[in-house]
Amino acid sequence: EDPPTIVNVNLMLRSISKIDDYNMEYSVQLTFREEWVDERLIFDDLGGRIKYLTLTETNKVWMPDLFFKNEKLGHFHDIILPNVYLRIFPSGGVLYSIRISLTLSCPMNLQLYPLDTQTCELLLASYGWTTEDLVFLWREGDPVQITQNLHLPRFTLEKFLTEYCNSKTNTGAYSCLKVDLLFKREFSYYLLTIYIPCCMLVIVSWVSFWLDQNAVPARVSLGVTTLLTMATQTSGINQSLPPVSYTKAIDVWTGVCLTFVFGALLEFALVNYASRSDIHREQIKKQRRQWELEHQAALEAEHLDSDGPTTFAMKPLMRPHGDGLSLDKARQCEIHMHPQPPRRCCGSWLSKFPSR
């Protein structure tokens, strides 16, 4: 029949020490506060002379069973004294404040890494009391405060949002509060450590294009060195990131750079092979032309040797008148031969023989 107890919550982020991409977690130190009213603790303020009572033993009064749903590790601070206090006001109001350090899980989507923006949550919920008995509400006005000198390595806290995340299970409905922290990754760090070195390696691999094509050791050494350096750079980048099943933006960048470096080495191998093939082909053509010239000269020489006895056997063409052959019959006997084209190498030798 009684209404549920209303607990107003607010907190202050003192520092965010680490945002771990590999383990997908972040560490935060905060001051956590709760306010509620317990009518059993109403007392006389003696005419306004007692503002509130302070207790250091929190187990003396009833407290909400709040817990952090995405907590992985946490501890209280006890230096020099426990950083906790409990104030009880004459009207029965209770203020509980404590300083704690937490390591919270933060599932990240790294598809746009390192140009991504991550949203990390801080979830607070009731463990055993349902909404029929206990309800958590953000304090009106300023539920979340952030220290002015908050500094994050490689990230910038753009903004934060407060929401409600009430959940319903088999045992009932439970009140829940949520803080969304939006972190934007700083690009300058990755520009200096990843992008500029990769560009330099790709440019260095192109130096082999200006080397002499006969300088094979220099070209091979330069190509293999840049390829191994690029592979080492890619491996170092992946070691700082969790093994995910999707392709990240940095994977595309390193893959393209590695392809350019490998393409420069492959280009040298192909050009070297093509040049050696051209030289070998020219040598074969030269040898074939020389062989054809030698073969043709041998054939001509053989042809001339075979025609020689026939030509000289017919000399003299004109017989004396006493041979019994008339001049007219002698004139009818002629030998027709195709003129041979002049040759540079044996033109003088061929000129010794008549064309007919």
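Which residues touch the most other members of the largest nonpolar core? In this predicted model, the largest nonpolar core comprises 55 residues, and Tyr 26, Leu 122, Leu 124 and Phe 183 are the members that touch the most others. With neighbours within four places in sequence set aside, Tyr 26 is in contact with Lys 18 and Ile 19, with the run Leu 102, Thr 103, Leu 104, Ser 105 and Cys 106, with Cys 120, Glu 121 and Leu 122, and with Leu 181. Among these contacts are Leu 122, itself one of the core members with the most core neighbours, and the two cysteines Cys 106 and Cys 120, which are joined to each other in a disulfide.

The cysteines were considered next. A disulfide is a covalent bond between the sulfur atoms of two cysteines. The model contains 2 disulfides. In the bond between Cys 106 and Cys 120, the sulfur atoms lie 2.0 Å apart. The torsion about this S-S bond is about -80°, and the disulfide of Cys 106 and Cys 120 is therefore left-handed. Cys 106 is located in the loop between β7 (93-105) and β8 (117-126), whereas Cys 120 belongs to strand β8, so the bond ties together parts that are 14 residues apart in sequence. Both Cys 106 and Cys 120 are buried.

The other disulfide pairs Cys 165 with Cys 176, again with 2.0 Å between the sulfur atoms. The link of Cys 165 and Cys 176 is left-handed, with -55° about the S-S bond. Cys 165 is found in the loop between β11 (155-164) and β12 (167-169), and Cys 176 in strand β14 (residues 176-185); the pair therefore ties together parts that are 11 residues apart in sequence. Cys 165 and Cys 176 are both buried. When the bonded cysteines of the protein chain are numbered in sequence order, the pairing reads 1-2, 3-4.

Two further cysteines, Cys 198 and Cys 199, take part in no disulfide. For Cys 198, the nearest cysteine sulfur is that of Cys 257, at 4.8 Å. Cys 198 has a relative accessible area of 0% and is thus buried. For Cys 199, the nearest cysteine sulfur likewise belongs to Cys 257, at a distance of 5.9 Å. Cys 199 is partly exposed, its relative accessible area being 34%.

At the surface, a nonpolar patch is formed by Ile 203, Trp 206, Phe 209, Trp 210, Val 252, Val 256 and Phe 260, with about 750 Å² of accessible area together. Helix α3 (residues 249-313) gives the most to this nonpolar patch, contributing 3 residues. Trp 206, one of the patch members, is situated in the loop between α1 (187-205) and α2 (216-239). The relative accessibility of Trp 206 is 33%, so this residue counts as partly exposed.

The structure holds 8 salt bridges. One of them joins Asp 38 to Arg 40, with the closest N and O atoms 3.0 Å apart.

Lys 178 is buried, with a relative accessible area of 15%, while Glu 121 counts as partly exposed at 31% relative accessibility. Glu 121 is also among the residues in contact with Tyr 26.

Asp 251 is partly exposed, with a relative accessible area of 24%, and Lys 248 is buried, with 6%. Finally, Asp 21, Asp 116 and Arg 185 are linked in a network of salt bridges.

Definitions and conventions: Residues numbered from 1 in each chain as written. Predicted model: local features only at pLDDT ≥ 70, side-chain atom pairs only at ≥ 80, totals over all residues. Heavy atoms only, no water. Core = buried A, V, L, I, M, F, W, Y, C linked by side-chain atoms within 4.5 Å. Buried < 20%, exposed > 50% of the residue type's maximum accessible area, 1.4 Å probe, protein only. Contact = heavy atoms within 4.5 Å. Disulfide = S-S within 2.5 Å. Helix = DSSP H or I, 4+ residues; strand = E, 2+ residues; numbered from the N terminus. Patch = residues over 30% accessible without salt bridge, like charges linked within 9 Å, V, L, I, M, F, W, Y side chains within 5 Å. Areas by Shrake-Rupley, 256 points an atom, 1.4 Å probe, with all protein chains shown as cover. Salt bridge = Lys/Arg side-chain N within 4 Å of Asp/Glu carboxyl O.
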